[in-house]
Amino acid sequence: MKHVSILISNDAVLASIADPRIMFTGVNEFLEAAGKPPLFKVQLVGLTKDVKLHSGLFSVHTDEVIDNVTKTDLIIIPAMGGDMAGAIKKNEQFIPWIIKQYNQGAEVASLCVGAFLLAATGLLKGKECSTHWRFAEQFREMFPDITLVDARIVTEQQGLYSSGGATSYWNLLLYLVEKYAGRDMSIMASKVFALEIDRKSQSPFIMFNGQKTHEDEPIKKAQEFIEANITERISIEDLAGKYAIGKRHFERRFKKATNNTPVEYIQRVKIEAAKKQLESGRKNVNEVMYDVGYTDTKAFRTVFKKITGLSPVEYRNKYKKAA
């Protein structure tokens with residue numbers, strides 16, 4: 001039997017505690033209904049026996065405190081609310097326990113922004129990780145030695161798992177069920193819980209707002225110029241010259257400041273503008289394409305799908321608001 005420890009961290013999002021418990025206990029019920037023994041022993045584990053969440057609106061009664069759990073097989077780190085640095089501080093007592101359990105053979109899975117607490121253990125250093133796309137810039141600033149994979153929903157490296165934003169953690173839970181209980185049980189869970197199995201990307205949900213928390217003022221001005229001129233064809237040479245910076249140096253500074261090359265940034269700004277038009281406007285795909293500065297249909301569709309994971313038509317059909 002696999003021992004699953006769901007952490008009841010301070011500032012945890014309640015749903016990301018309840019949902020993994022529902023998933024693993026649900027699989028036990030499916031197995032028992034098929035005449036098989038249950039596979040998971042699921043426990044809620046905290047620093048104290050009672051943990052108040054959401055400003056005291058909810059109280060979670062833990063099954064065990066971490067000092068009493070000497071061996072586990074899988075640790076689930078739930079999403080956290082509020083300030084991430086503050087949430088890590090409030091939960092720092094979990095860190096040595098997580099490291100110890102991992103070194104003893106346990107696997108560790110973070111849900112959504114639970115990745116911040118997992119990253120704080122140092123176990124992800126030099127590895128890849130997923131988290132909510134809204135927190136990508138902050139994650140990179142806090143953990144520059146970890147490779148954040150923006151669009152991926154499930155990332156696995158050496159027994160460390162992380163998921164994309166919000167409810168996409170259900171796909172990580174399905175992934176773990178398949179690993180421990182098999183593909184048939186994962187399919188059963190996806191049907192019972194009405195989940196889309198094997199969803200791999202959160203690209204269609206990402207809203208690009210630009211990365212401007214850096215202190216490189218010429219680059220910030222270049223970003224603003226790009227955003228104000230989405231209909232124009234902007235060359236990197238002209239952009240670098242506009243701010244009196246050599247092209248190669250400009251590209252290096254831009255990448256360092258924004259985590260995108262200038263070309264990638266221009267594409268993302270244009271595609272974000274196109275997405276908004278496709279969601280709410282009346283123009284067809286070609287008209288939108290021209291509005292954001294593209295004249296080559298194939299190039300526009302290729303870049304659009306690369307960034308969103310969907311073709312422009314698929315995106316419009318999925319998100320267009322009713323008239």
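## Packing of helix 1 and helix 7

Helix 1 (residues 15-33) packs against helix 7 (residues 183-192) at an angle of about 115 degrees, and their axes lie 10 Å apart. Helix 1 is therefore roughly perpendicular to helix 7 (65 to 115 degrees; under 35 is roughly parallel, over 145 roughly antiparallel, the rest oblique). The axes are lines fitted to C-alpha atoms over the stretch in contact, with angles from 0 to 180 degrees between N-to-C directions. The crossing of helix 1 and helix 7 is right-handed.

On helix 1 the contact (heavy atoms within 4.5 Å) is made by Met-23, Val-27, Phe-30 and Leu-31, and on helix 7 by Met-185, Met-188, Ala-189 and Val-192. By class, the residues of this contact are 8 nonpolar, no polar and no charged.

## Basis of the model

This is a predicted model, in which local features need pLDDT of at least 70 and side-chain atom pairs pLDDT 80 or more, while totals for chains, interfaces and linings use all residues. Residues are numbered from 1 along each chain as its sequence is written, and side-chain values use heavy atoms, leaving out hydrogens and water.

## Cysteines

The count is 0 disulfides, a disulfide being a pair of cysteine sulfur atoms within 2.5 Å. The closest cysteine sulfur to that of Cys-112 belongs to Cys-129 and is 11 Å away, too far for a bond. Cys-129 is likewise in no disulfide.

Cys-112 is buried (under 20% relative accessible area; exposed is over 50%, partly exposed in between, with a 1.4 Å probe and protein chains only), at 7%. Cys-129 is also buried, at a relative accessible area of 0%.

Notes:
Helix = DSSP H or I, 4+ residues; strand = E, 2+ residues; numbered from the N terminus. Left-handed = near helix turned anticlockwise from the far one by under 90°. Nonpolar A, V, L, I, M, F, W, Y, C, P; charged D, E, K, R; others polar.
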